[in-house]
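Colleague: I am new to reading structures and would like to go through one slowly with you. Could you show me how to read its features, one after another?

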Amino acid sequence: MKHTVVALVEDRPGVLNRVASLFRRRGFNIDSLAVGTTEEQGISRMTIVVDGGDGIVEQVEKQLYKLIDVVKVSDLTKEEAVIRELVLVKVRCNRDQRRDVLDLVDIFRAQAVDVSPNSMIIQSVADEDRNDALIENLRPFGIRELTRTGRVAMVRGAKTTAVHETESGELQRFHSESGRLPEGELPFVSD
Amino acid sequence: MKMSGADIVLESLKRLGVDVVFGYPGGVVLPLYDRLPAHPEVRHILVRHEQGGGHMAEGYAKASGRLGVALATSGPGATNLVTAIQDAMMDSLPTLFITGNVARNLLGKDGFQEADITGITMPAVKHNYLVMRAEDIAYTFAEGAYIATTGRPGPVHIDIPKDVFIDEAEFVWPEKVSIRGYKPATTGHPGQVKKAAEIIDAAERPIIIGGHGVVLGNAHEELRRFAEKTGIPVLNTLLGLGSIPRDHVLSYGMLGMHGSYEANHAASNADVIIGIGNRMDDRALGRFADFNPTAKLIHIDVDPAEHNKNVTAHVPIVGDVKLVLPQLIEAVRQNSHVDWLHWIDDLRQAHGHSMAIPSGPELSVQYIVRRISEMSPDATVVTGVGQHQMWAAQHMKFTRPHQLVTSGGLGTMGFEVPAALGAQVARPGETVWAICGDGGFQMTLQELATMVDARTPVKMAIMNNGYLGMVRQWQELFYQDNYVSVAMTQPDFLKLADAYGIHAIRVTEKEQVDEAIREAEGHAGPVIVDFQVQAEGNVWPMVPAGAALKETVEAPRDASEVRS
């Protein structure tokens, strides 16, 4: 079963490496992983789709919590949540086929975002099932290029998965900036 | 006041109460070494190989419960620490590993002696840092030491580029450390404690498995009180030995691959199992699926990820064992389990031959370690990995926590000599015995020179059988006596000792053992005792790899052997 795990992490160098390394080392399967900033400065949000039983996902959550840079972990699978993924598909299509492709785009509530004489880029924001169906329907035209962002998700209603502990300025600077190369020229130090 | 990054490092170590660092210099840490003489409160012990320095920090941490610190230069110096870092990770030792790196503008440029050491240690540490500004050093050390020593302890690695040691910054020591992603567990959930107490009160054949967490959490008194109030026998994991005195009436010794017959069968026949600060490791539990599937399992650990990792706990309790045990003691009723204890005692009587000390004239490791334990009951004991380690665990009667220093999880051969040095530094004036394998001894014996320099009078007992004994035992039992690459020609350990200026004794007969132990302990400096033991002894009993605890294989019966 696929689980949607959301991890709120300190936005500092190496955190993605730590999370990816953990999944590799423990043999957890990642279907997709999407990372971006959040409403809280210094906190990034990772949405990880994990394939596995409840026992595996319990271990995923607990092992994630052991990482110092991971602040909060939630499994949205049990929640009512809005789940979305962005897909860009470059599909082969000449003038004669354009109408057929645009009909599909309408049916799947996708968008045509780029057109050239022999191709078109279709954008779709939907859950993976609908995106899968769109892609299957476009396949007969010839898919030249395909990219998917991976799932992002948010719990419906007033409930949030946000971090409640904000940090003071100095601590925030330390936790979000330490480990980064400082700006400006560095003095040359020979070894 | 502004000071250099190097001074901030040393000032931070002083604030943390660190009085000794095991280190090895090199190009990028020279700015730090340059400032060492200005901070005489921090003793630097020059090791002979960084791996040794790492194990010394571990031995220091394990023998004292305090933070152990090792230091190395970039590149090969740093990578040489990795074995010790992973060892400290597996055995949850509060340790701090400091490395230098190339200057910031050379990072990522593959310069001389550059290694991506934070990338390399990432899966082997509790946490690591690459410090890019001198003003971040003090906070990093405060936070790093806090992480290393709290919750489930573990190694923290701090990597510092050369020019950050040179840069100047204000020294600001944080009054407190606050990490929103790290909140170590404290007391247990009252509902879970109540549930556990009900199961314990109703139990007929309960056992306790006392793990390393009891020792690390300093909860040995609480464990004893809990066992005494409930009347429940205590088994120990390898690293849990010493969490209850071995001569306590409720102490039943070690379970697991080389646990006693009665301990393994008690665990297999119990109706309630209370795991306290143990990680349900395969060497302790045998095949997970058949580790007493009908018993109710209560599992107390500060690390929630240990619950349901290997076996499913009916009542997991997340918390610090030192705080959870008093809650449990309060919640359970006074009880005793006389019939159950008799059942285990009867097994012990009937199967005593399985873990007997050979009674014949041969010089056996079992006899030697038992005599060391009897003649020097308070000594700190450091072991390597293999047969001698298991015999020490079986036959030495540990009386206190932090008494046994051994590489449990990673099983690092060569751990013994440097770790014993670290333990001796942590416990000056006390007796430290290193029980060494003749194989492992040669992996790190260059630290003998460090012992002479540092004046650490460790007593090293080399169990010299000319074999990699445990590997030989497996080849005998599971590979039809096909001995491949296990026989070793050993150097003359007495001449070797002489080269280092270390006093040495050779023992070939059983009758010489006591005198050698007395002589070693009476000598003011380090001593090597070359015990030329029987070549092909096997460790019994044994749970073959992948078998269940109830499938414990006993020693072949031999009337001449009696259980002491």
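Colleague: How many helices and strands does chain A have?

Modeller: This is a predicted model, and in it the secondary structure of chain A comes to five helices and nine strands. Followed along the sequence, these elements of chain A give the pattern β-α-β-β-α-β-β-α-β-β-α-β-β-α.

Colleague: Is chain A a compact globule or more spread out?

Modeller: The radius of gyration of chain A is 21 Å, well over the 16 Å that the globule rule gives for 191 residues, so chain A is more spread out than a compact globule. Taken along the principal axes, the box filled by its C-alpha atoms is roughly 65 × 50 × 35 Å. Of the 191 residues in chain A, 27% count as buried. Among the contacts in chain A between residues at least 6 apart in sequence, 75% join residues at least 24 apart.

Colleague: How are two packed helices described?

Modeller: Two packed helices are described by the angle between their axes and by the distance between those axes. In chain A, the axes of helix α1 (residues 15-26) and helix α2 (residues 54-66) come within 11 Å and cross at roughly 135°. The two helices α1(A) and α2(A) are therefore oblique to each other, and α1(A) passes α2(A) in a right-handed crossing. On the side of α1(A), the contact is made by V19(A), L22(A) and R26(A), while α2(A) brings Q59(A), Q63(A) and L64(A). Sorted by class, this contact of α1(A) with α2(A) has three nonpolar, two polar and one charged residues.

Colleague: Which parts of chain B supply the side that touches chain A?

Modeller: The size of an interface is often given as the accessible area lost when the parts come together, but here we can look at residues in contact. In this model, 33 residues of chain B are in contact with 31 residues of chain A. On the chain B side, α6 (117-121), β6 (127-130), α7 (137-149) and α8 (162-166) each supply at least two residues. By class, that side of chain B has 17 nonpolar, nine polar and seven charged residues.

Colleague: What should I look for in the backbone itself?

Modeller: Most residues other than glycine have a negative phi, and most peptide bonds are trans. In chain B, a cis peptide bond joins W540(B) and P541(B), with omega about -10°, and P541(B) is placed in the segment after β20 (527-532) of chain B. Q113(B), which is not a glycine, has a positive phi of about 55° and is found in the loop between β5 (95-101) and α6 of chain B. Q480(B) also has a positive phi, near 50°, and lies in the loop between α21 (469-478) and α22 (493-500) of chain B.

Colleague: Are Q113(B) and Q480(B) exposed or partly exposed?

Modeller: Q113(B) is partly exposed, because 17 other C-beta atoms lie within 10 Å. Q480(B) counts as exposed, with 7 C-beta neighbours inside 10 Å.

Colleague: Which residues of α17(B) are buried?

Modeller: Nine of the nine residues of helix α17 (residues 387-395) of chain B are buried, so this helix is largely enclosed by the rest of the structure. The buried residues of α17(B) include H388(B), M390(B), W391(B) and H395(B). What covers the buried residues of α17(B) includes β11 (251-254), α16 (365-375), β15 (380-383) and α21 of chain B.

Note on methods: Residues are numbered from 1 along each chain as its sequence is written. Chains are lettered from A and ligands numbered from 1 in the order in which they are written. This is a predicted model: local features need pLDDT of at least 70, side-chain atom pairs count only at pLDDT 80 or more; totals for chains, interfaces and linings use all residues. Axes are lines fitted to C-alpha atoms, for helices over the stretch in contact, and angles run from 0 to 180 degrees between N-to-C directions. Helices (H or I, at least four residues) and strands (E, at least two) are DSSP runs, numbered from the N terminus. Angles under 35 degrees count as roughly parallel, over 145 as roughly antiparallel, 65 to 115 as roughly perpendicular and the rest as oblique. A crossing is left-handed if the near helix is turned anticlockwise from the far one by less than a right angle, and right-handed if clockwise. Two residues are in contact if their C-beta atoms, placed from the backbone, lie within 7 Å. Ala, Val, Leu, Ile, Met, Phe, Trp, Tyr, Cys and Pro count as nonpolar, Asp, Glu, Lys and Arg as charged, and the others, Gly among them, as polar. The radius of gyration is taken over C-alpha atoms; the globule rule is 2.2 Å times the number of residues to the power 0.38. A residue is buried if 20 or more other C-beta atoms lie within 10 Å of its own, exposed if 12 or fewer, and partly exposed in between; C-beta atoms are placed from the backbone.
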